[in-house]
Amino acid sequence: MNIRHQPTYISEVDPLKNAFRKLFELLPLSTRGHVVGFLGELIGTLMFYFMGFSGVQLTLVAMNNTATGRVDTSLNGATPGGLIMIALATGLSLLVNAWIFFRISGGLFNPVVSLGMVLIGALTIARGAILCVAQFVGALCAAYLVRALFPGKLNISAHLHPTVTIAQGVLIEMILTALVVFTIFMLAAEQHEGTFLAPIGIGIAGFIVHLVGVFWTGAACNPARALSAAIAQRNFPRYHWIYYVGPFSGGILAVIFYKLIKALEYERAHEKPVQEQILPTTSPRDVEARKIAHMSSVQVGDGALAKPAAAATRKYDHSPPEKNPGGMPMALND
């Protein structure tokens, strides 16, 4: 392994890399940044949801495993093991892909997160819009790729549990999304010594959110995830709108709380107050009298103390300065 990053023959004569470099050198620097961001979010979102959707399909097949060998992806009730498996597949996929694409496009994978980054000033409006398009396209490609590669009927769309009302579903999606978005704000948007470890915390947040919410709402927490699964599965329930209202509301909630703690300067909340030293009260006249008394106590002779003592005496003498035969003030001529 070339751990010293020394140039090799392939790296120097690589025609494909040189062709790409010459192609993108024609574009302005800002445009190249948008291209990198779009490609990073497109591929990153595709990889993230390909693993996540595949984990859901595999869990359903394992839960419905029969001796006949028939692949059954129907949802016939949830088990603790199945819920943990779905949460692990999604959380670990988020952790790995966020870590991979963290330095390329930010590894956001969610239009709600992109909107939040725009609102807190971490992204421009143009970059945020480009990333949102890439995220929707990437999630849709992932859904159709899972549908094409794995046997069995696709069953990845989010749905409400029969006992959960629409209002409850909106609030659950809002709270779960707010947790994920605020985690990204504090671990990735806020620069600190542990920023490079942000994907671990983000992945754990994704695991917790899915562990709590999959059974009740499907834990979409992402409009791109909800729309792509609904299109690929051709399933749009009447309450499908909650998977847009809930997550975007959660994102706005996270932005408001983030701005609140920033306005309160949370960074300085744990600083110890500086204790002011209480000095004895002394009038300016007493201070000046003490200085004059001190100067008068110094014996002025022909040595090194002659000039400093004379200068100090003149400092407190408000009479006009005498001039030497050369016409210069004595204080400046000494």
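Colleague: Why are helix 4 and helix 8 called roughly antiparallel to each other?

Modeller: In this predicted model, the axes of helix 4 and helix 8 cross at roughly 155°. Angles over 145 degrees count as roughly antiparallel, and the pair is therefore described in that way. The axes come within 8 Å, and the crossing is right-handed.

Colleague: Which residues of helix 4 and helix 8 meet?

Modeller: On helix 4 they are Leu83, Ile84, Ala87, Leu88, Thr90, Gly91, Leu94, Leu95, Ala98 and Trp99. Their partners on helix 8 are Pro199, Ile200, Ile202, Gly203, Gly206, Phe207, His210 and Leu211.

Colleague: How do you know that the span of helix 4 agrees with its number of residues?

Modeller: Helix 4 covers residues 80–101, and at 1.5 Å a residue its 22 residues should span 32 Å. The end C-alpha atoms are 31 Å apart, which agrees with that expectation.

Colleague: Which residues of helix 4 are buried, and what covers them?

Modeller: The buried residues are Gly82, Leu83, Ile86, Ala87, Thr90, Gly91, Ser93, Leu94, Leu95, Asn97, Ala98 and Phe101. Their cover includes helix 3 (29–63) and helix 8 (198–213).

Colleague: What makes helix 7 roughly antiparallel to helix 8?

Modeller: Helix 7 and helix 8 pack at an angle of about 175°, with their axes 9 Å apart. The cut-off is 145 degrees, and the angle makes helix 7 roughly antiparallel to helix 8. Leu176, Leu179, Val180, Thr183, Ile184, Leu187 and Ala188 of helix 7 meet Ala198, Gly201, Ile202, Ala205, Val209, Val212 and Gly213 of helix 8.

Colleague: Why is Ala189 called partly exposed?

Modeller: Ala189 has 24% relative accessibility. Buried requires under 20% and exposed requires over 50%, so Ala189 counts as partly exposed. Ala189 lies in helix 7, which comprises residues 166–189. Apart from neighbours within four places in sequence, Ala189 is in contact with Met117, Ile120 and Ile184.

Colleague: Is Ala143 buried or exposed, and what is the reason?

Modeller: Ala143 has a relative accessible area of 0%. The limit for buried is under 20%, so Ala143 is buried. Ala143 belongs to helix 6 (residues 125–149). Not counting residues up to four places away in sequence, Ala143 touches Phe53, Leu154, Ile156, Ser228 and Ala232. Ala143 and Ile231 are 88 residues apart in sequence, and 8.6 Å separates them in space, C-alpha to C-alpha.

Note on methods. Residues numbered from 1 in each chain as written. Predicted model: local features only at pLDDT ≥ 70, side-chain atom pairs only at ≥ 80, totals over all residues. Heavy atoms only, no water. Helix = DSSP H or I, 4+ residues; strand = E, 2+ residues; numbered from the N terminus. Expected span 1.5 Å × (residues − 1). Buried < 20%, exposed > 50% of the residue type's maximum accessible area, 1.4 Å probe, protein only. Contact = heavy atoms within 4.5 Å. Axes fitted to C-alpha atoms, helices over the stretch in contact; angles between N-to-C directions. Parallel < 35°, antiparallel > 145°, perpendicular 65-115°, else oblique. Left-handed = near helix turned anticlockwise from the far one by under 90°.
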